[in-house]
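Thanks for coming. I have one structure to go through today, and I will keep to two topics. Please look at the screen.

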Amino acid sequence: MKRALPIVERELRKFIRTPALLVMVLIMPVLNLVVLGNAFGGRVRHLNVAIVDEDGGPAARRVREAMLSLQMNGDVVRSITYDNERDAARDVRDGVVQGAVILPPGFSRRVYTGEQPRAGLLLDNTDAVVAGTLQGVLNGAVQQAARSAPTTRYIRAVGLDPVELFPFVPYMRYMLPGVISLGMFMTVMIGGGMSYLDDKQRGVHEGYLVTPITKFELVLGQNLAGTIKATISGIMVTVLGALVAGVYDIFQPMRFLALILLVIFVSFAFMSMMSCLVARMNNPMLPRALFGILNTLLYFPSGAIYPTQSLPTWLRWITYVDPFTYAVHGLRVLLLKGAAVRVVLPDVFFLALFAAVMFAGSVKLFRRTL
Amino acid sequence: MSEPAIRIEHAVKQYGAVTAVNDVSFDVGTGETLGLLGPNGAGKSTLIRMLTTLVPITSGRIVLHGDDVTLNPDRARLSIGVIPQAMTSDTDLSIEENLSIYAKLYGVSREQRRKVIPELLELVNLADRRTSLVGTLSGGMRRRVEIARGLVHSPLILVLDEPTTGLDPVSRVDVWEMLTRIKRERQLTILVTTHYMDEADRLCDRIAIVDKGRLVALDTPRALKSSVPGASSIEAQFGDEPADWEPQLRALAGTLTVQALGGDSWRIVTDDAGTTTMALAELALGAKVAIRSLAVTSTSLDDVFVYYTGHGLKDSLAAAAA
């Protein structure tokens with residue numbers, strides 16, 4: 001066992017001597033958080049909407065007032081008055097405006113007589129996000145038309161009152177667990193996979209193999225070193241990311257301790273997986289190519305950026321064995337919910353089991369001779 | 001001589017249908033320096049890898065100071081220090097850190113490390129650079145770090161795979177002097193592979209010529225050279241030579257042929273350049289014949305290599321590179 005330690009010592013000394021590597025490992029996930037968090041997480045605003053009022057009645061006026069208040073309040077939509085439906089439709093097609101509300105003749109009369117009033121909405125559905133937002137916002141606006149209409153005999157709609165159990169989670173915070181996992185994965189990829197194969201290529205391994213070190217000690221040393229490196233970068237990304245995303249309560253001692261423990265398990269799971277994958281490889285170019293594949297296969301379906309519930313069944317099978325899934329879930333629980341540690345125990349259990357299997361696999365696959 | 005430091009018995013290494021090492025047997029005595037000479041692909045690196053436990057032996061056996069490398073690899077590993085062809089010390093670590101990590105891999109205790117590492121740095125003339133990062137050193141200094149690294153566990157046998165390949169001429173001489181000194185001070189058995197003739201000639205007590213996986217010759221450099229018939233020649237120009245000068249030259253010890261080149265110049269082909277030259281000098285002195293010029297072209301290991309393998313080392317190198 002004791003011969004694993006010089007391997008760890010060598011790797012860590014090299015790691016701290018290469019601060020550029022550490023910075024790169026930190027920059028990529030934090031950048032990911034800032035750029036993607038803002039790109040996906042921000043609400044869509046400043047949408048131009050054409051309004052064609054062919055009715056001119058009081059109900060139509062109330063719809064226009066409602067749209068104006070949307071403009072005053074957060075500048076979500078800007079209404080531009082059009083004379084006719086044809087011009088409005090053309091401008092929606094040309095992208096001058098993102099949508100057009102058509103209030104047909106007789107709109108107000110129908111509102112008051114209760115004859116199912118209809119307003120038209122022309123949408124540029126090539127952009128689903130904008131179209132969806134407009135449909136929601138404008139649906140609210142046209143409801144204002146019936147605000148002071150006489151009450152009918154039965155209730156038109158059943159209200160659903162949502163109660164949010166946790167403070168509002170902007171998308172950037174939602175992404176944070178995934179980004180921390182990605183940071184650890186990158187460290188393992190570079191500091192575990194690539195450096196292993198570079199060493200092999202350079203002949204450093206021959207140097208190890210002529211000493212009396214055992215196969216188990218060598219693999220253990222490499223896994224320990226990779227786990228420590230990934231833990232260091234995991235903690236750094238957690239702290240940095242939490243500050244960027246505004247998750248300040250992770251600094252409560254017990255919660256921070258729980259986070260560190262989880263980060264260690266995740267690091268070991270990632271490192272042992274990498275060690276298993278590269279055990280028989282010789283070409284240092286391979287892990288570089290592998291990174292793209294693993295990133296797509298393991299990171300995206302893990303729930304890091306989109307809920308796993310959206311995936312088709314065959315893809316969900318990947319998420320069941322994907323260490324990213326458990327890493328992201330565990331981190332999300334600790335970071336955003338601040339829930340009891342027992343909630344993450346199943347994640348920790350899976351990660352430990354996964355790491356044990358992968359570690360055993362890499363010892364088995366590793367060759368003591370050239 | 002008691003038990004040899006290295007005993008190789010009928011060693012064979014096969015990679016599929018290719019036989020890289022084909023029934024090689026020889027012993028290396030304790031304290032001896034043996035050079036393995038041969039072109040790339042001759043099998044010398046494979047032989048070294050078998051000996052250093054890096055590749056399994058197909059058949060035959062290799063014993064290092066009584067330890068069979070197949071049956072008792074860990075004990076065998078402790079008795080050899082390996083200096084690989086590629087420079088593998090870490091450039092972003094200091095000389096001392098590089099040595100210390102390897103010492104730990106060999107299980108050298110802390111007290112031993114404290115004693116051995118400064119001694120080794122002294123030995124390879126790097127004591128004042130011990131905290132320098134290896135990346136800041138010249139090629140020759142780096143090679144010296146690797147030599148020191150191969151000695152951290154005080155092995156009895158040092159194995160060097162092409163120690164001067166890629167070094168400039170000054171660094172090469174530097175490394176040779178270092179090795180000569182280490183050998184003298186530590187009574188090490190050294191096995192060195194090379195494809196430089198001058199290196200083999202200068203460093204080795206005996207030379208093993210390997211070609212196409214086979215051992216084709218094994219002897220001292222001198223004996224190898226003299227085993228090549230008539231490849232040394234002496235060219236001399238005399239003043240006032242007597243009429244019967246040619247038969248007198250023919251009678252010189254070791255002489256094979258004598259050829260008059262005209263203008264008082266002669267070429268004597270001999271199988272022992274040293275003896276014939278001495279005899280020639282004595283003859284000239286006795287006969288009061290002045291020697292105006294004298295040039296001895298002795299057999300080189302290149303000639304030896306061609307003689308034993310039927311092709312030049314440089315040709316093989318070129319063929320291997322192509």
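In chain B there is an open sheet of six strands, and the order across it is S6-S7-S8-S3-S9-S10, with mixed pairing. Keep in mind that this is a predicted model. The edge strands of chain B are S6, residues 80-83, and S10, residues 214-219, and each of them pairs on one side only. From one strand to the next, the twist averages 15 degrees.

In general, strands of a sheet pair through backbone hydrogen bonds, either parallel or antiparallel. Which sense do S7 and S8 of chain B take? Strand S7, residues 157-161, and strand S8, residues 189-194, pair in the parallel sense, over five bridges. If you want a place to look, B:Ile157 stands opposite B:Thr189 in S8(B). Helix H5 of chain B, residues 139-150, packs on the sheet and touches S6 and S7 of chain B. The direction of H5 makes about 160 degrees with that of S6(B).

Now the interface. The contact takes 23 residues from chain A and 26 residues from chain B. About 2300 Å² is buried between the two chains, and carbon and sulfur atoms give 56% of that area. On the side of chain A, the residues that lose the most area to chain B are A:Arg202, A:Val210 and A:Pro212, together 25% of what that side buries.

How many salt bridges are there between chain A and chain B? The count is eight. One of the salt bridges joins A:Glu9 and B:Lys104, with the closest N and O atoms 2.5 Å apart. H1(A) gives the most to the side of chain A that touches chain B, with seven residues. That side divides into nine nonpolar, five polar and nine charged residues.

How values were computed: Residues are numbered from 1 along each chain as its sequence is written. Chains are lettered from A and ligands numbered from 1 in the order in which they are written. This is a predicted model: local features need pLDDT of at least 70, side-chain atom pairs count only at pLDDT 80 or more; totals for chains, interfaces and linings use all residues. Side-chain values use heavy atoms; hydrogens and water are left out. Contact means heavy atoms within 4.5 Å. Buried area is the accessible area (1.4 Å probe) that two parts lose on being put together, summed over both. A salt bridge is a side-chain nitrogen of Lys or Arg within 4 Å of a carboxyl oxygen of Asp or Glu. Helices (H or I, at least four residues) and strands (E, at least two) are DSSP runs, numbered from the N terminus. Ala, Val, Leu, Ile, Met, Phe, Trp, Tyr, Cys and Pro count as nonpolar, Asp, Glu, Lys and Arg as charged, and the others, Gly among them, as polar. Two strands pair if DSSP finds at least two bridges between them. Axes are lines fitted to C-alpha atoms, for helices over the stretch in contact, and angles run from 0 to 180 degrees between N-to-C directions.
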